[in-house]
Number of protein chains: 4
Amino acid sequence: MAPPTPRVVVPIDLKKKPWEQLLPLHNRWHPEIPPVAHVKVGEVFRVEMVDFSGGAIKDDDSATDVKFMDPSTTHYLSGPIRVEDKDGILAMPGDLLAAEICNLGPLPGDEWGYTATFDRENGGGFLTDHFPCATKAIWYFEGIYAYSPHIPGVRFPGLTHPGIIGTAPSMELLNIWNQREKEVEENGHKSLKLCEVLHSRPLANLPSTKGCYLGKIKKGTAEWEKIGNEAARTIPGRENGGNCDIKNLSRGSKIYLPVFVEGANLSTGDMHFSQGDGEVSFCGAIEMSGFLELKCEIIRGGMKEYLTPMGPTLLHVNPIFEIGPVEPRFSEWLVFEGISVDESGRQHFLDASVAYKRAVLNAIDYLSKFGYSKEQIYLLLSCCPCEGRISGIVDSPNAVATLAIPTAIFDQDIRPKAGKVPVGPRLVRKPDVLRCSYDGNLPTTRNPAASM
Amino acid sequence: MAPPTPRVVVPIDLKKKPWEQLLPLHNRWHPEIPPVAHVKVGEVFRVEMVDFSGGAIKDDDSATDVKFMDPSTTHYLSGPIRVEDKDGILAMPGDLLAAEICNLGPLPGDEWGYTATFDRENGGGFLTDHFPCATKAIWYFEGIYAYSPHIPGVRFPGLTHPGIIGTAPSMELLNIWNQREKEVEENGHKSLKLCEVLHSRPLANLPSTKGCYLGKIKKGTAEWEKIGNEAARTIPGRENGGNCDIKNLSRGSKIYLPVFVEGANLSTGDMHFSQGDGEVSFCGAIEMSGFLELKCEIIRGGMKEYLTPMGPTLLHVNPIFEIGPVEPRFSEWLVFEGISVDESGRQHFLDASVAYKRAVLNAIDYLSKFGYSKEQIYLLLSCCPCEGRISGIVDSPNAVATLAIPTAIFDQDIRPKAGKVPVGPRLVRKPDVLRCSYDGNLPTTRNPAASM
Amino acid sequence: MAPPTPRVVVPIDLKKKPWEQLLPLHNRWHPEIPPVAHVKVGEVFRVEMVDFSGGAIKDDDSATDVKFMDPSTTHYLSGPIRVEDKDGILAMPGDLLAAEICNLGPLPGDEWGYTATFDRENGGGFLTDHFPCATKAIWYFEGIYAYSPHIPGVRFPGLTHPGIIGTAPSMELLNIWNQREKEVEENGHKSLKLCEVLHSRPLANLPSTKGCYLGKIKKGTAEWEKIGNEAARTIPGRENGGNCDIKNLSRGSKIYLPVFVEGANLSTGDMHFSQGDGEVSFCGAIEMSGFLELKCEIIRGGMKEYLTPMGPTLLHVNPIFEIGPVEPRFSEWLVFEGISVDESGRQHFLDASVAYKRAVLNAIDYLSKFGYSKEQIYLLLSCCPCEGRISGIVDSPNAVATLAIPTAIFDQDIRPKAGKVPVGPRLVRKPDVLRCSYDGNLPTTRNPAASM
Amino acid sequence: MAPPTPRVVVPIDLKKKPWEQLLPLHNRWHPEIPPVAHVKVGEVFRVEMVDFSGGAIKDDDSATDVKFMDPSTTHYLSGPIRVEDKDGILAMPGDLLAAEICNLGPLPGDEWGYTATFDRENGGGFLTDHFPCATKAIWYFEGIYAYSPHIPGVRFPGLTHPGIIGTAPSMELLNIWNQREKEVEENGHKSLKLCEVLHSRPLANLPSTKGCYLGKIKKGTAEWEKIGNEAARTIPGRENGGNCDIKNLSRGSKIYLPVFVEGANLSTGDMHFSQGDGEVSFCGAIEMSGFLELKCEIIRGGMKEYLTPMGPTLLHVNPIFEIGPVEPRFSEWLVFEGISVDESGRQHFLDASVAYKRAVLNAIDYLSKFGYSKEQIYLLLSCCPCEGRISGIVDSPNAVATLAIPTAIFDQDIRPKAGKVPVGPRLVRKPDVLRCSYDGNLPTTRNPAASM
C-alpha cells in the first residue's frame, strides 16, 4: 500500500513572478482559458497559489506599494483544472462539482500576510469616504495564530480559506455578466444620485486587456486580444462562485459549484489566512500565498436537481456550501449594531449595506477608545474573525445589521465597565499602521479605470 | 437568608386583553409615557409580556386573523421601568444602562407560538412580491424544542430572545426620528424609481393615534392625543434599541442601552421563541407571550465614554450587546449564497439587501425540493436558527450574502448527494401551511395605511 | 387546538415535608413500590421533586445541618411512574425506555441550592482524608447563573440535570445487587489493606428499614418491613440508571433505560443545578429542588437488541445516553493532571481513581493560591462545570486523569503568568465557607452505619 | 523585515532509521542525556519526530510486525532541547517552562498512521483479557480527516497532539521514580491477588539497557551502560509530563512543565493524529511521524509559585495545561456508562478503572451490532475523538464512568431507534481488521520482559 500523498497539480515557485510559473496563472474568467491540470474524482490533490497581488505587496513598513498597486492584474488564479470521473468522463454542463477542502494553509517558508486599504481613487474600500488613504498592516503567523507589529495587542487563530474558488463560465453566462455589469457601469451614476451608498468607488470592472493574463494563451496574440476583451474580471463573486470571500470555507468545508463547461475548469486563488465578514477594507483579509488540498465529486445533473433558479435563465444560480467541523471556538462576543440611517443622519429604506456600514463605524469608534487609531481598527475588523449579520431586514424603514467581535482576540478586556478609568482621547499604543502621504484633497473625479 | 426570587414588576394575566392588564401596556415610544415600575440596580426582576399582537393571532388552522390584523396596534410593550442605583439616584441621560438577561421563556401555560406572513397590502414581508398572501404556521413547544403541525419534519431548540428591548427616547431624539422617517415616506418613491428593492411595502410608519396605547395615559384625553401624534411607532429598531430582532440576545446576554431620559424608562416586548437572522417573513419569528428576568447596572456617563457617535449629533448612537455562553450548538451547516443581482437578472451595486434576498430565495428553492411548499420554507427560514451573513461587501459590483442553515433541524438529510433518487416536482408532504383565499390580483396601489 | 402544556404527574408542595406530599415519595429501589402516576409515550409530562435531603439542609450560614444529617433517608425520589404505549400496553421487561429531557429547572420560588461535604464519620467525600469536616456553601440563582456568598468571585451558568433517573429493578436484579454489595461490605476491608483508595468511607450501604420511605406502602406495616429489608439504597448508580450523576444530562438529552418490570416504573430525583465531573465532595453538586419535563418512547425488545451484555447474566447492562445540543459554551480551559501515584508518593497500578484524586488535589492546591481556602475550592470543583477525563489508562504503571476547569467562571485571570506579583500565602478573600466545629481528632473507627 | 519561518531544530529524514538521524534520538528519561538543540524564549521552532516505533510498524495488511515488535525501544523521542531566556540565561530548576503548540501535523509525504493492539504476552492493552491477539488498522489522511480501509464507514477530523512532551528529570526525581516503580513491580502481584484489574499486563517497566538509545551518548560505552541502567522508561506519564496521552493538547494548547535540570531539556515524540480518551488499545492512538511548532516562555520560580505539591517532596508535582480554541466541533454524542462492577459481576469499591472498562466494553458490544467486529470497535474507540469521563466517584460502592462518542464519525445513524430492522448477528462489513495467527492458548505466565 502506498500512502496517498496529495499530488501537486499546480505548483508555485515563490522565487518566480506570477508569469514565470511552470503552469501559467490567469486573472480572468473565460471558457477558453485552457486547463493546466487534470484530476479524477476521489483523488486528493494539491493546488498552490500566489497571493492575489502576485507578490506586488511586500513585507515592509510602507504602504507605497498599496498606493500605487495596479488593480488591473487582480487576482492571479491557479488553474483551470479539468475534472473527470473514475471512468474518465468529464464533468459536463449541468453537473454539480462538489469540492471538499481537505486541508489548506500558507505556503511553507512564506508564513506572513498583509491587510490593506486602497486609496480612494484606486479602488477604496467599504468606508473609503472615512478612510481615503492607502494603509497596510503586516501579519506574521505563529502556526495557527496571526499577530501584527502594526496592530499590537491582538492575536487570533486563523479561519483560513480561499477567497476565490470557481468554475469557468460558459460563453452564454459570460455574455450575461458583461451585459448586466456594463449596464450598472453606464447607468449607475444616475441611480446613485438618489440611492448612492459608496459613491466614490468603481461601479464595475469591465473586461480589458490591460494587465490581463490568460494562462497558456500567449500575451499579444490575436486569441489573447479577443479573449481578453471578453473575459470577466475576477473582482466580484458571481454564478460560478469566484470571489465569494466567505470566511468559513475552511478545512472540511464542501463547495458545490455549478458546471458550465466540459471539465468544469476549476480555478482558485486569493488565499486568506483570516477574514472578517464583509472584508470591509477591500484588500481586507490577511492576504497570503497558500495551498489547497481538494477532493472532488461530480453530481451528474445536479444543477437541475438542486439549483433550479428563481430567475430569468437556467444559468441564474449560485453555489451551495457546507461548513466544516473545525473552526476556532469563541465563547464571548461583543456585538455592535447598525441601522439603515447613515452617518449623516439620513434615513434609508431597509438597506442592509447602510446598516452594516453603521455597525462597522460604531465598532471602529468604540474600539478606538482602547488605545488604537481608527485606521488600525478598520484594518483589524477586515481581517479578524468577526461576524457580520443581517439581524432584521423587514422592520421598515430600518434594516438592522450587527457586527460581533470575539473578545478573546484582545489582550485587554474591551467590554464596557462601570467605574473604569474614564476613557477619552488616548495615545495610540504604537503609531505604526503605515500610510503613505496623502495631501488631504479629496479626489474631484472618481477614477473609472481604478478597479479592485 | 432569603432566596432572591425575582420580583415580578410587570405581571401579565393571559385571560385579559392587553388594555385590561393590571399595569397598562403601551405600543409607542415617547418620553412622557409614565413608568409603571421601579427597579434598583443589582436586583433580578421579572417582566412578563403578551405576544406582539396582544392575542389577536390564534392557535388555529386559518390565516384569516393574520390577513385582517390591524397593524396599528403593533407591538404591545411592557414598561416603562424606571431604573435607579443603590442610593436611589435615577439613571440619567448620558448614562449607559446595562441589562443582563438572566432568564427568559414562554409564560407558563402558554407554550405555543406562531410564524406568519402578512398580505402584501397589509405589510407584506421581505419576499412579498413572491409571497403576497397571508400565511400562518403554529408552533408547539416541548421544553426547549419547537415543532409545527404545519411544517412537519423539522424540530429545533429555541434561541429565545425579546424582539424588542429599549429605553425611552428624549424629545430631541424623537423629533429626529420623525423628521427622517417622514422624509423617506414622502420622498422615498422618487428614489425607489431607480433603486427600489421591496417596492410594495410601507416605507415608514409615521406617528398616528390610530390603535395607539400609551400606558397610564388615558385614551381620548388631550394628553393622549398630543403624545399619540408625536410618539414613534415600534416597528423599526432605532438609537434606543427597540425592535432590533437580534436572535442571539438570549439567556446570559447583556444589552448596553443609551439613556435619554431620567430613569431610562426601559420597555420590552415581542418575545420570540426562535428567529432566523433577518426575520424574513416579517411576522417571522416564533411569536409568543413570555417573561424576561433582568438585572441592571448603570454605567454613569457611559454614552460619552463608550458610544461617541460618528454622526451629526451626540444622540446618533446604537446599543452594544454581549452574547451569552448558552446557545444551541450545531456542527453542520448548509450555506446558500446570494449576490446583488436580483431575480430578474438585474445588477445592483454592492447591495447587501438584494444579495440576502437572493440567498433566501435560493434556499427556499432548494429546500422545497425535499417535499415542502415554498411557503412552508419561507416561514421556516424566518423562525429557525439560521444565520444571515454579509460575506463580502466590497467586491464591486456584487455584494455577497449567505444564509447558513443547521442541517440537524430536519429529520432527513438535506445535503446534495450524487446518485440520490432524482429530485423533481414532489408532493408537499402535508399541504398544511394555511393561507386565506387570495384572488391573485396584485394590488394596484400600495396601501400607505398598512404599516407594521 | 389546545396548546400541549405539560401535565404535572408528580406535584411537590414546598411547604410540606417529603412524607406529607400528595403523592408519597420513596427513597429505595424495589419492584413492589407501587406506581403513583401513569403516562403515555409521546406525552410531555412534568415531574417535580424535592432536593435529595427533603429540605433537611437549610439556606443559612452554618454547616451543622450537614454535620448531623441522617444519611439513611437519602435520596427522596418522585415516582414510580408507569409508562404505556399509545394502545395502552405497558412497557415490558426487555424493552428500552427512551426518556427525553425536554426541560428542567429549579422549582419556581425556590431558586437556591447548596454544596456540602459530610463529616468523615458521616459519609465523607472523595478527599475525606484531607477534608474531614462538614462544610457547606449556599448558591443563589440569577436565571441561568449561580453565585455563592461563600465562594466569592465565581459565577457560572448551570448545566442542570437530575442526579438520579432510573427504572425499578426486578427481584432477580435486586438480589444480584444485594449479594455483590454485601460481599464488598463484608470482605472489602481485607482487600482494602492492600489497595485501599479512600479508606475511611463506607464501602456499601446495605438495605435497612431505618429512614426508609416506600411511597404508598405505609410505614410500619409488614409489607413495609419486608420490602425495606430488601430494597436497595439509592446511593450508587447501577444497571437501572439511578444515581449516575452524569453532569451533561441536561435539556435535550435522551436517556435509554432498560426495563425490568411491567410499566418500567420510572423514578427521578436529586436535581442538580450544576455539577463537576465526579461530584467530588459527595454532596457536591448544587443540590436543589426542581422539575423535569419528560417525553417517553418505548423501544420494544430494545434491551436485547441494543444492550446484549458482556457479563454473566442478561441483566448485566447499563443505560445509554444522548447528550443534548444546548450546553454552556466555554472556549478556554485550564487543565490539571494527576497520575496514579498517591499523595504519599506511593505507586499504584493504572488506578484511575488515584490519578483523578491527584488531579483534583493539584487543582485545589493551585487555585487556593488565588485567594481561596482549600475548602472553598474543594466545594467549587464539586459543583462547577469542570470536566474529569481519563486521559491514559494503559501506560503502566501510571493512569493519567485530567481535570479541566473553564477559566471564564472566575472574575480574575487564573492562568500561570511570568512576572505576576509573587503568589504565596494570601488571605482568604472571605473566610465564609462555613464549617461546624471539629475537635481535630480523626475518628478511630470508621462508622459503618454512616452512609450516603 | 523577514518573516519568522520556524527554525527546524530537530530535523527527521524519513528514509533513515531512528539511530541514523542527524540529531540522534533517545528513548529514555535521564538528566545526563545531552541536549541536541538550543532555543530562546519567544522563538517559534520546529521539532520533527519519527513515530513511536521508529518505523517498525508498516503500512500493510498484516499485524505480524505488531505481534513481534520489540517493546524495549519504545518511544523514540526528539530532543533534549535546552531553553534559555532572551538574555541567554538557561531555564533553571524550580522554573516553569510554558510551551505553546503553535502548529503540528504529520510529516509531509508521510500522511498515514496506524492503531494497534499488542499480544497479551507482549504488552496487551486495557482489554487484553478480552482481546489477547495483536491487531492493526491502517489510517490514511485526507487533510484534516482520517479514514481506514480496515474500519470502513467511519471518517473523522484529527485532534492531533503529541503523546509525549516532557522535561528531563533530576537525579533525585529519577531515583524516586525507580524506587516506587520497583516497589509495584516486586510487590504488585501480592496486592493484585485482591484488587487486580488488568492482571496479565506488565506492572512496570524498570530501567534496562536493552533497546536503549541515549542520543549523543554512544551505545556500548561505560557512560551508556551506567545511564541506561538508571534511565526511566518512557511508557508512563510522570511528574515531568512525558507520556500523558492527553488528546486535547492540540494546536493552540499551552503546556506548563516543571523544570528539574538546567536548560529544562525538553523532549517530545509519539505524535498522534487522533486519540480517544484512555487510548484503550494501548498502541491505540493513530500513531504517526510528525512535527511540532513550539514557542516557549520561562516562568521564573513558577514551580514553587504555582505547583506547591500536596505530597512528600517538592518534586511531587504534575504539569498544567491550557487547551486551545481550535478543536473539531461535534454536537451530538452517544454516551455509554460503566459502573465499578466488573464483567464477571463482581463489585469493586469506587474503582474508576473498572467503571471505565465496563463503559468501553458496553460501547464495543453496542457498536458491534452495526456491522463491525468487536476488534474493529476496540481499535476505533482507541483512536477516534471519544471522551472518557469520570462522572461519579463518590457514590459507594459504584464509581460511574462514561464514554461519549460523537455520532457524526459514522456514515450510518448509530442511535437506538424503535422499529428499526431487528439487529442481531450481522456480517462484519469487511473482515479486514487484520490479526496475525494466534493459537488460542492463553499464555501461562505473564512475560515480565514484555513492556512497552
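Tutor: Ground rules come before the labels. This is a predicted model, where local features need pLDDT of at least 70 and side-chain atom pairs count only at pLDDT 80 or more, while totals for chains, interfaces and linings use all residues. Residues are numbered from 1 along each chain as its sequence is written, chains are lettered from A and ligands numbered from 1 in written order, and side-chain values use heavy atoms, with hydrogens and water left out.

Student: Why is the pair A:Glu142 and A:Arg155 called a salt bridge?

Tutor: The rule asks for a side-chain nitrogen of Lys or Arg within 4 Å of a carboxyl oxygen of Asp or Glu. In A:Glu142 and A:Arg155 the closest N and O atoms are 2.9 Å apart, so the pair meets the rule.

Student: What makes this pair a tie between parts of chain A?

Tutor: A:Glu142 lies in strand 7 (residues 135-142) and A:Arg155 in strand 9 (residues 155-157), so the pair ties together parts 13 residues apart in sequence. Strands here are DSSP runs (E, at least two residues), and helices are runs of H or I with at least four, numbered from the N terminus.

Student: How do you know whether A:Glu142 is buried or exposed?

Tutor: Buried means under 20% relative accessible area, exposed over 50%, partly exposed in between (1.4 Å probe, protein chains only). A:Glu142 has 7%, so A:Glu142 is buried. A:Arg155 has 25%, so A:Arg155 is partly exposed.

Student: Which residue of chain D forms a salt bridge with A:Arg155?

Tutor: D:Glu100 does, with the closest N and O atoms 2.9 Å apart. D:Glu100 lies in strand 5 (residues 96-105) of chain D, so this pair joins two chains. D:Glu100 is buried, at 7%.

Student: What separates D:Glu230 and D:Lys226 along their helix?

Tutor: About one helical turn, because they are four residues apart in helix 3 (residues 222-230) of chain D. D:Glu230 is partly exposed at 22%, and D:Lys226 is partly exposed at 38%.

Student: How many salt bridges cross the interface of chain C and chain D?

Tutor: Six. One of them is C:Asp277 with D:Arg389, at 3.7 Å between the closest N and O atoms. Over all chains the count is 124.

Student: How many residues does each chain give to the contact of chain C and chain D?

Tutor: Chain C gives 107 and chain D gives 106. Contact means heavy atoms within 4.5 Å.
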